[in-house]
Amino acid sequence: YKCNILNSGGDGIYIYGSDPDFTFCNIRNSNGKGINYGFLNYNDCSLQIENDSIENNALGGLYFEVDYGGINCGSVSENISKNYFNHNTQYGAIWVNTGIGRVVISKNTFINNSSNQGGALHILGLNISIQCNRFINNQSNQGGALYLFNNDFADNSYIQNNIFDGNQATQAAVAYFDYIIANHPCSVNFNNNIVRNNVSDSGTILYFNGNLGGGLGNISTNYNITNNEIYDNQSIGALYLYYFSGVINNNNLINPLCQYEIYNDNTSGAPDISCGSNYWGTTNTQHIDSVIYDFFDNANQTFVNYTPFLSAPISADTSCISSSSGTYYVTNLEIHSFVFPNPFSTSATLSISNGQFAIGNGEIKIINLLGQEIKTIPIINQKEITINRDNLPAGMYFYKIIGNNNESIAVGKMVIQ
């Protein structure tokens with residue numbers, strides 16, 4: 001609680017055989033992993049990681065090595081929420097190496113993280129809930145933001161109410177779902193997400209694999225892809241479907257820089273694709289046919305049934321994102337920061353709540369949702385600093401306070417109306 005771990009030569013924190021909580025911590029610039037849970041066993045439940053800043057760690061932000069038997073906590077959830085993950089490399093922001101169950105990852109911000117699989121999240125697990133997060137400018141070879149896989153566990157997972165913006169990958173700029181379930185029912189729900197401005201020049205934006213190992217007659221993964229805004233992405237195919245079973249309904253599919261909106265790689269014998277009630281940016285059936293790859297392009301593939309289709313776009317509900325915490329961590333100097341009013345339209349005051357502490361010579365950096373520093377405000381012996389809107393457009397921004405020793409001492413966010 002309220003820890004400040006900087007510039008470690010190895011892991012910032014290494015834990016073996018227990019599951020301590022971390023709240024209001026700043027873990028940065030480790031040559032190893034930020035937090036390394038070296039061994040979690042079957043009974044390690046109720047983990048809480050909240051309101052932390054985990055940045056610039058060379059071997060990843062959070063790393064979980066789980067007992068081969070996995071973790072099964074019944075109705076108890078592991079919670080990772082309201083954290084700020086920035087520029088964690090090699091293993092990305094969060095990496096789960098073996099099976100973990102009932103994890104809630106919510107109201108976090110993931111910016112500029114990278115790994116080989118899953119730039120922000122790489123998870124082997126079941127009953128995962130990923131909701132109300134921002135994934136901005138993360139990079140990977142497979143799954144720019146997410147790489148989720150499950151090999152033979154019953155599962156019911158949700159990815160919902162998130163924003164994916166500016167992520168990149170060789171394959172699957174946003175998410176790579178690799179659910180090779182042969183013996184157990186599995187449901188994956190991808191709902192109410194905004195997916196925009198992501199790039200995979202030689203691949204896809206969203207990759208859905210239903211069952212590689214079980215064969216055509218044994219597809220038990222059911223995908224529910226509904227009420228998403230998927231637009232202005234760049235790739236060969238916006239959605240790639242392989243051994244796919246499920247529905248794709250009530251989405252906006254408007255990606256002029258993608259050759260196909262739907263690339264159906266279900267071969268003969270697999271199910272046809274139910275893809276009705278989507279908005280394609282037009283009601284012209286010739287156009288809709290041209291952006292779907294299926295039986296009519298290759299007789300070995302199954303059909304995509306896209307009728308009926310919508311004549312107006314839908315709106316995804318991501319309102320829960322704006323309710324996340326405004327302060328991500330507190331250092332061991334007991335420094336709290338907050339902006340008031342928040343949201344604001346003309347100006348706001350950023351306050352450091354500890355009355356004994358003032359910044360003698362520092363600065364505030366204002367950062368947009370693409371991770372770009374767009375404004376710097378000097379601080380000279382101040383505990384309260386005025387932030388003027390100036391010419392900043394309406395939207396959400398992050399602020400980072402740089403203290404007396406050129407260290408980041410607080411990070412938060414603010415909204416301009």
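Mentor: The model is predicted, so to speak of local features a pLDDT of at least 70 is needed, side-chain atom pairs count only at pLDDT 80 or more, and totals for chains, interfaces and linings use all residues. Residues are numbered from 1 along each chain as its sequence is written, and side-chain values use heavy atoms, with hydrogens and water left out.

Trainee: Which residue does a cis peptide bond join to Pro343?
Mentor: Pro343 lies in the loop between S34 and strand S35 (347–352); strands are DSSP runs of E with at least two residues, numbered from the N terminus. The bond has an omega of about 15°. The residue joined to Pro343 is Asn342.

Trainee: Where is Pro308 found?
Mentor: The peptide bond from Thr307 to Pro308 is cis, with omega near -5°. Pro308 is found in the loop between strand S33 (304–305) and strand S34 (337–340).

Trainee: Is Asp232 buried, partly exposed or exposed?
Mentor: Asp232 is not a glycine, yet its phi is positive, about 55°. Its place is the loop between strand S26 (229–231) and strand S27 (234–242). Buried means under 20% relative accessible area, exposed over 50%, and partly exposed in between, with a 1.4 Å probe and protein chains only. Because its relative accessibility is 42%, Asp232 counts as partly exposed.

Trainee: What is the strand order in the open sheet of four strands?
Mentor: The pairing is antiparallel; two strands pair if DSSP finds at least two bridges between them. The edge strands, each pairing on one side only, are strand S37 (373–379) and strand S40 (408–416). The order is S37-S36-S39-S40.

Trainee: Which residue in S37 is the bridge partner of Ile366?
Mentor: Strand S36 (residues 362–367) pairs with S37 in the antiparallel sense over six bridges. In S37, the bridge partner of Ile366 is Lys375.

Trainee: How many residues has the largest nonpolar core?
Mentor: A nonpolar core is a set of buried Ala, Val, Leu, Ile, Met, Phe, Trp, Tyr and Cys residues joined through side-chain atoms within 4.5 Å. Those with the most contacts inside the largest one are Ile94, Leu121, Phe177, Leu239 and Ile262. Apart from it lies another core, of 18 residues, including Val339 and Tyr397. The number of residues in the largest core is 63.
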